[in-house]
Every structure is written in structure tokens, then in C-alpha cells.
Amino acid sequence: MTSRIPFDSAAPPLGFGAAQLGNLYRPTDDETSRRAVDAAWELGVRYFDTAPHYGLGLSERRLGAALASRPRDQYAISTKVGRLLVPTPEHADRLDDGGFAVPAAFRRTWDFSRDGILRSLDASLDRLGLDRIDIVYLHDPDEHWAAASTTGVGALIELRDQGVIGAVGAGMNQSAVLAEFVRRCDIDLVMLAGRYTLLDQSAADDLLPAAAERGVGVVAAGAYNSGLLSSDRIPDDAKYDYADAPAAVLARARRIAEICAQHGVALPAAAVQFPLRRPEVVSVVLGTRTAEQIVQGAERMATAVPDALWSDLAAQGLVRP
Ligand SMILES: NC(=O)c1ccc[n+]([C@@H]2O[C@H](COP(=O)([O-])OP(=O)(O)OC[C@H]3O[C@@H](n4cnc5c(N)ncnc54)[C@H](OP(=O)(O)O)[C@@H]3O)[C@@H](O)[C@H]2O)c1
């Protein structure tokens with residue numbers, strides 16, 4: 001772990017994922033969002049993740065408003081760069097087509113240039129009502145390696161050197177390109193969504209060894225794999241990777257749930273705790289829409305899980321040893 005990782009080692013490693021505050025999939029109101037953030041704060045959660053992409057700025061605005069009265073030195077916040085929001089008032093009567101239930105009053109433009117990064121961050125600071133951001137991730141640069149790994153990361157390092165941001169990294173749904181960032185760029189953290197979970201440990205092949213070697217922290221997001229692992233009984237219409245879960249994935253998750261039950265552990269508790277079994281993982285960020293969800297998330301994190309569960313899952317080939 002590097003010294004720039006802004007997590008208090010005494011605080012719980014649970015983080016608040018605020019994509020849902022941007023109306024991911026469906027509308028969420030301001031009051032529900034505020035109550036979710038307040039509940040997280042009361043539980044001792046001190047890390048919050050957002051992005052301009054999440055509801056075209058709505059998540060940043062709601063999160064900033066909900067944290068406005070909290071002492072700034074007592075929490076860490078991350079946002080992301082790479083998609084600039086360009087006003088499109090002429091489309092405000094339509095809905096966003098990026099997965100969020102918000103008016104299409106902006107369109108997203110990929111931009112990992114220095115100027116694009118500076119403009120994106122300026123707008124984020126404005127929406128959040130902050131003058132400093134603790135962590136900034138290059139957001140989803142899957143198809144933008146050339147620019148993100150040069151001008152993009154360069155701009156963030158410059159801002160880090162000036163003290164405008166604390167730590168820099170990249171956030172993605174895949175591990176291979178994140179591993180390249182870790183190997184080749186001077187970054188502090190990565191946010192990895194869905195690829196080191198109870199159901200999918202593909203990051204163990206590339207990202208986790210690279211992070212261990214370079215002392216880069218891994219923030220594990222998507223521990224529920226978009227919701228599939230979030231309830232004791234898995235419904236047929238459960239989501240996996242932001243779409244309906246395929247039958248084979250449902251079957252595998254149900255088999256894991258059965259073994260969890262044999263050890264007296266609910267599936268979501270095992271899902272929340274699993275990523276922290278690797279020392280490279282410095283936080284688990286749960287996508288949170290309501291106060292009840294984060295209260296449950298904290299309970300799941302505190303549940304006792306016997307070592308025998310992990311060895312049993314490994315023995316049956318359901319998780320990597
Ligand atoms: N590229 C990136 O950097 C990247 C990619 C993905 C995610 N992220 C970050 O990571 C966060 C988490 O990822 P995620 O939202 O994709 O996945 P997730 O945490 O695996 O799943 C979140 C979903 O689980 C459901 N849920 C949460 N708590 C629950 C509870 N106690 N009981 C039942 N269901 C519960 C919610 O469903 P409902 O929707 O029904 O409320 C929520 O949408 C995001 O908010 C974002 O901050 C970053």
C-alpha cells in the first residue's frame with residue numbers, strides 16, 4: 001500500500017458506491033439519497049465513490065449536498081474523469097440512454113486529453129461543492145489506452161503534485177487493462193468492478209499480482225456483481241454485469257449460496273467479505289441506493305464467516321484457493 005491511499009486504517013473498509021444516487025436503472029429521490037449517505041456516515045463509512053457519468057452529474061450533486069455538513073478531513077471521496085458532459089438542452093425532454101433515469105440534458109464525450117481532464121475535474125468540483133478531491137480515477141479507458149496512459153494519467157499526476165487531488169488511479173470493469181496501468185504508470189489505486197468477487201476472480205491472474213508488486217491498492221467494487229449476490233435467494237431475473245444473468249451464472253451463484261448456507265452464512269455476507277481476503281484489496285465499495293442497503297451491507301461485513309466456508313468453496317472448485 002502506498003502512503004497516498006487516503007483511507008484511515010482504523011475505519012471500516014466499507015465504501016459507498018454512489019452510481020445508484022445518479023438514478024442507475026430507475027429514479028431515486030433526493031431524500032432517499034440523503035438518508036442513505038447519512039446512514040452510511042452513522043455506521044462509520046468514510047469513503048464515497050462517484051463519477052460525472054452517474055446520472056450526468058446527478059450522483060455528484062446529491063453526494064456533495066449530503067456530505068456538505070461533514071468535516072472535510074474526516075472522509076475520502078473519489079470521482080472520475082474521461083467522459084466530459086456537454087450540454088444538450090435541446091434533448092432535455094428525452095431520457096438519457098446511458099443506463100440512468102435522468103433527462104438527456106448532457107451528452108458524454110470521451111476525452112482523456114490534459115485539457116479534457118482539467119475541465120472535467122473543474123466541473124466535478126463544482127457539482128460536489130468541494131475544492132479538493134481525494135482520489136481521481138480514469139474512468140473506463142478500455143478503448144482509450146493511448147490517451148489515458150499518457151495525457152490522461154499525466155494530467156492527474158500534475159494535479160496530484162500540486163495538491164489539488166490526493167491520489168490517482170483508474171476504474172474499470174476489467175482487470176487486464178488495469179494491470180497495464182499498474183505496471184506502466186505512477187498510480188496509487190485502482191477501482192476494479194466485478195472481477196474479484198465470490199463469483200469471478202479473474203483479477204487474480206493479472207491485476208492482483210501486479211498491484212502487490214507495485215504497492216498499488218485495489219478498491220473492489222461490484223462485490224454483488226451488479227446485484228446477483230445481494231440477496232439470500234437469487235431471483236431468476238437477477239442482474240449480472242448490468243444485464244440479466246445468464247442461466248449458467250445463476251446456477252453457479254445458487255451452488256455457492258447452498259454451500260454458504262451449509263456453513264450458516266448468507267450468500268451476500270460471503271460476497272461482501274470475499275474480496276478482503278486478498279491483502280491488495282484496501283476497500284470494498286457497495287453500490288448503495290437506500291439507507292437500508294448500507295445498514296445491511298455493514299451487518300454483512302461484520303458477520304462471522306468460518307474459514308471452513310472458504311476452503312469448502314475452493315475444494316469444490318467454486319472459488320480459487
Ligand atoms: N468503472 C468503474 O470505475 C466502476 C464500475 C462499476 C461500479 N463502480 C463503483 O462501484 C459501485 C458498486 O458497483 P455496482 O453498483 O455496479 O455493483 P454492486 O455493488 O455489485 O451492486 C449494486 C446493486 O446491488 C443492490 N444492493 C445493494 N445493497 C443491497 C442490499 N443490502 N440488499 C439487496 N440488494 C442490494 C442494489 O440494487 P438496486 O439497484 O435494486 O437498488 C445495487 O444496484 C458503484 O456504485 C460505483 O461507485 C465503478
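Let me start with residue classes: Ala, Val, Leu, Ile, Met, Phe, Trp, Tyr, Cys and Pro count as nonpolar, Asp, Glu, Lys and Arg as charged, and the others, Gly among them, as polar. This is a predicted model, where local features need pLDDT of at least 70, side-chain atom pairs count only at pLDDT 80 or more, and totals for chains, interfaces and linings use all residues. Residues are numbered from 1 along each chain as its sequence is written, and side-chain values use heavy atoms, with hydrogens and water left out.

Now the rings. A pair of aromatic rings is described by the distance of the centres and the angle of the planes. Rings of Phe, Tyr and Trp (its six-membered ring) pair if their centres lie within 6.5 Å; planes under 30 degrees apart are stacked, over 60 edge-to-face, the rest tilted. The structure holds eight such aromatic pairs. One joins tyrosine 54 and phenylalanine 100: tilted, 6.1 Å centre to centre, 35° between the planes.

Buried or exposed? Under 20% relative accessible area is buried, over 50% exposed, in between partly exposed (1.4 Å probe, protein chains only). Tyrosine 54 is buried, at 12%. Phenylalanine 100 is buried too, at 5%.

Next, tryptophan 145 and phenylalanine 181: edge-to-face, 4.8 Å centre to centre, 65° between the planes. Tryptophan 145 is partly exposed, at 27%. Phenylalanine 181 is buried, at 0%.

Ring pairs also link Phe16, Trp41, Phe48 and Tyr75 into a cluster.

Back to the classes. The lining of the largest cavity has two nonpolar, five polar and one charged residues.
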